Amino acid sequence: MTNLMDCMKAAVSMGIPLETAVRCAIYNPAKSIGVENLHGRIAPGAYGDCVLLSREDLAVKKVILGER
């Protein structure tokens with residue numbers, strides 16, 4: 001079994017640009033269930049959750065749970 005973070009890291013390790021891998025990991029799932037207006041993006045009116053990753057190995061450094 002795997003998780004979405006591992007899949008994103010694998011995609012980057014295979015040459016997928018980080019920005020593309022992140023979008024695929026956050027926006028596409030939100031869009032697939034019809035919540036892309038509130039989740040999966042940073043924009044006014046969207047939920048303010050964010051995961052900060054290290055540049056070196058994409059390790060989770062901090063999780064910020066915001067509000068809408």
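This report describes the fold, the nonpolar core and the strand hairpin of a predicted model.

## Basis

Residues are numbered from 1 along each chain as its sequence is written, and side-chain values use heavy atoms, with hydrogens and water left out. The model is predicted: local features need pLDDT of at least 70 and side-chain atom pairs count only at pLDDT 80 or more, whereas totals for chains, interfaces and linings use all residues.

## Overall fold

The protein chain contains two helices and two strands, in the order α-α-β-β from the N terminus. Helices (H or I, at least four residues) and strands (E, at least two) are DSSP runs, numbered from the N terminus. The C-alpha trace spans about 35 × 25 × 25 Å along its principal axes.

Of the 68 residues, 13% count as buried; buried means under 20% relative accessible area, exposed over 50%, and partly exposed in between (1.4 Å probe, protein chains only). Contact means heavy atoms within 4.5 Å. Among contacts in the protein chain with a separation of 6 or more, 21% come from residues 24 or more positions apart.

## Nonpolar core

A nonpolar core is a set of buried Ala, Val, Leu, Ile, Met, Phe, Trp, Tyr and Cys residues joined through side-chain atoms within 4.5 Å. The largest one consists of five residues: Met8, Ala11, Ala21, Ala25 and Leu58. Helix H1 (4-13) and helix H2 (18-32) each contribute at least two residues to this core. In soluble globular proteins, nonpolar side chains tend to be buried together.

Alanine 21 is in contact with Met8, Ala11, Val12 and Ile16, leaving aside its neighbours within four places in sequence.

## Strand hairpin

Strand E1 (residues 50-53) pairs with strand E2 (residues 60-64) in the antiparallel sense over four bridges; two strands pair if DSSP finds at least two bridges between them. The two strands form a hairpin with six residues between them. In the turn, leucine 58 has a positive phi of about 60 degrees; Leu58 is also one of the residues of the largest nonpolar core.

## Leucine 52

Leucine 52 lies in strand E1, and its bridge partner in E2 is lysine 62. Leucine 52 is partly exposed because its relative accessible area is 36%.

Not counting residues up to four places away in sequence, leucine 52 touches Ala59, Val60, Lys61, Lys62 and Ile64. The C-alpha atoms of leucine 52 and valine 63 are separated by 6.3 Å, with the two residues eleven apart along the chain.
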